[in-house]
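Please look through the sequence and the model before reading on.

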Amino acid sequence: MKFKRKNVNVVDASKTKKTVFATGIGNAIEWFDFGLYAQLAVIISMNFFGNMPKEIQLASTFAVFAFAFIVRPIGGIFFSHLGDKHGRKVVLSTTIIMMALSTLALGLLPTQHQIGIWAPILLLIVRMVQSFSTGGEYAGAMTYIAEISPDKARGKLGSGLEIGTLSGSILAAVLVGIMYAVLSDEQMASWGWRIPFIIAAPLGIIGVYLRNNLDESPAYETSLEEQEELEYSYKDIFRKYWRDIIVCFTGVAFLNVANYMVLSYMPSFLNGTIDLGGTMSSILSTLTMAAMIPAVFFFGWYSDKVGNKNTILFGLIGFSLFSVLAFWLMSIPSIPVIIMGLFIIALFMSTFEGVMPSVLPSIFYTKVRLRTLSLVYNIGAAIFGGLTPFILTTLVETTGQKIAPSYYLTFINVVGLLIFLFMFKTTSNKSLKGSYPNVDNKEDLQEVYENPKDALWWNKDEVTKNHKNKESEV
């Protein structure tokens, strides 16, 4: 491929930061809902599964959470094609509207006492709408931020997406904590639990306003002109990029297990399994997530300096070695010791939160990026994200061991360590595959002009891959 200077993307760093903020708002609303569901899972279980034995009410609530993820890949396929045809921005605006409205609907649902079996059915339907919209939300947001960011700051700016995740979860934890503090248990169970879900509607309006003012990504506009997005069918993609898909799927697995364990399962673990009570569980969850925000930003920034592969391996090794210790500490009835366990988990999770939003889009070429990432991410999230709270709850109930979740966490991270150690090459400070470099200053622009082969490093890999594919077909 001949290097064309005019195709180098010169981006405005200050404008990019504003765009990251607007994109992160949507992710915050998404996780505000997930956080509410997690923080209020015990009350939701009583209201929607009250006729079941108490010991399986919570598991049933998380089963609904998990089952709804079945439609997430469908949402990913739908919104990725919408994004290919009409642009990334329309996807981000549509998904945030759907998420806000479905969250509002959850807060208005009648309970099992009022309408019987229809209550859990409606709960499942609402959760499925949320999962459908989320199928386009996260992959679309990751792709958008990666495509507009300067290559040398992709890790730092990508971490803003997960800061949005944590901010939404913190808002949920704080709001629920306040509700527990000012209302009695009877009031919370009767009507208090609805209020946080209803608040999601005005937050959605703010998010829509911010996202409607976004610009399209340079990579999308270029590929739209060249009609590159529609070159490959899914069959072609899986045949040609199967190695990239394995790496991405593995990354999605350990990212989502850590994410949903801390943000969706941990509040119920502290409240129900450890018996800390709703208020203390919310306080500890909030402190843990608040401490993670600067850590997430640091690891995103650090990955731009030392390489994203090294940063990911640090988190994988840490979880593999210290998961059992962390859960053992959390099982001891002492607040300071429980906090130590939580902070061990938070430290290593922060590496994934800080790095993976910029890593996952960089695995794929521009012409297949959104479609492939949406499909792989949402299938992985359905298996390893949606099922995680249910699996961890079941492990504790069947084994009788409070540290049982650590076994699952350790296994997933050992597998991730092996895959990323041998199959992943760092993508930090490089242009995205299939795209010209993104730069935000004259020095980097001059460096690209002087080293055109390095700027199009991915072209060499693509030629080699095509050659191998032709040999295998022969």
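The sections below describe a predicted model.

## The chain as a whole

The secondary structure of the protein chain consists of 23 helices and 2 strands. The chain has 474 residues, and 59% of them count as buried. Its exposed surface comes to about 18900 Å², of which carbon and sulfur atoms supply 67%.

Contacts can also be sorted by how far apart the partners are in sequence. Among contacts in the protein chain between residues at least 6 apart in sequence, 85% join residues at least 24 apart.

## Helices H16 and H17

Helix H16 covers residues 308-330, and helix H17 covers residues 335-362. Their axes come within 9 Å of each other and cross at roughly 155 degrees. Angles over 145 degrees count as roughly antiparallel, so H16 is roughly antiparallel to H17.

The crossing of H16 past H17 is left-handed. Sorted by class, the residues in the contact of H16 with H17 are 22 nonpolar and 6 polar, with no charged residues.

## Helices H16 and H20

H16 also packs against H20, at an angle of about 160 degrees and with the axes 8 Å apart. H16 and H20 are therefore roughly antiparallel to each other. Their crossing is left-handed.

On the H16 side, the residues that make this contact include Lys309, Ile312, Leu313, Gly315 and Phe327. On the H20 side, they include Pro405, Tyr407, Asn413, Gly416 and Leu421. By class, the contact of H16 with H20 has 14 nonpolar, 7 polar and 1 charged residues. Lys309 is one of the H16 residues in this contact, and Lys belongs to the charged class.

## Helices H7 and H8

What angle do H7 and H8 make where they pack? The angle is about 155 degrees, and the axes are 9 Å apart. That makes H7 roughly antiparallel to H8. H7 passes H8 in a right-handed crossing.

From H7, the contact is made by Tyr138, Ala141, Met142, Ile145 and Ala146. From H8, the residues are Arg154, Leu157, Gly158, Leu161 and Glu162. By class, the contact of H7 with H8 has 7 nonpolar, 1 polar and 2 charged residues. Arg154 and Glu162 are among the H8 residues listed, and Arg and Glu both count as charged.

Ser131 is found in helix H7, which covers residues 118-148. Is Ser131 buried or exposed? Its relative accessible area is 2%, so Ser131 is buried. Leaving aside neighbours within four places in sequence, Ser131 is in contact with Ala68, Phe69, Val71 and Arg72.

Ser159 lies in helix H8, residues 154-182. Ser159 has a relative accessible area of 0% and is therefore buried. Not counting residues up to four places away in sequence, Ser159 touches Val296, Phe297, Gly300, Glu353 and Gly354. Ser159 and Val355 are 196 residues apart along the chain, but their C-alpha atoms are separated by 6.4 Å.

## Phe197 in H10

Phe197 is part of helix H10, which covers residues 194-198. Why does Phe197 count as buried? Phe197 has 0% relative accessibility, and buried means under 20%.

Which residues does Phe197 contact, leaving aside its neighbours within four places in sequence? They are Asp33, Leu36, Tyr37, Leu40, Ile44, Thr103, Leu104, Leu106 and Gly107. Phe197 and Ala100 are 97 residues apart in sequence, and the distance between their C-alpha atoms is 9.1 Å.

## Asn429 in a loop

Where is Asn429 placed? It sits in the loop between helix H20, residues 404-423, and strand E2, residues 438-439. The phi angle of Asn429 is near 60 degrees, a positive value in a residue other than glycine.

Asn429 counts as partly exposed because its relative accessibility is 37%. That value falls in between the limits for buried, under 20%, and exposed, over 50%.

How values were computed: Residues are numbered from 1 along each chain as its sequence is written. This is a predicted model: local features need pLDDT of at least 70, side-chain atom pairs count only at pLDDT 80 or more; totals for chains, interfaces and linings use all residues. Side-chain values use heavy atoms; hydrogens and water are left out. Helices (H or I, at least four residues) and strands (E, at least two) are DSSP runs, numbered from the N terminus. Buried means under 20% relative accessible area, exposed over 50%, partly exposed in between (1.4 Å probe, protein chains only). Axes are lines fitted to C-alpha atoms, for helices over the stretch in contact, and angles run from 0 to 180 degrees between N-to-C directions. Angles under 35 degrees count as roughly parallel, over 145 as roughly antiparallel, 65 to 115 as roughly perpendicular and the rest as oblique. A crossing is left-handed if the near helix is turned anticlockwise from the far one by less than a right angle, and right-handed if clockwise. Contact means heavy atoms within 4.5 Å. Accessible areas come from the Shrake-Rupley method with a 1.4 Å probe; for residues, only the protein chains shown count as cover.
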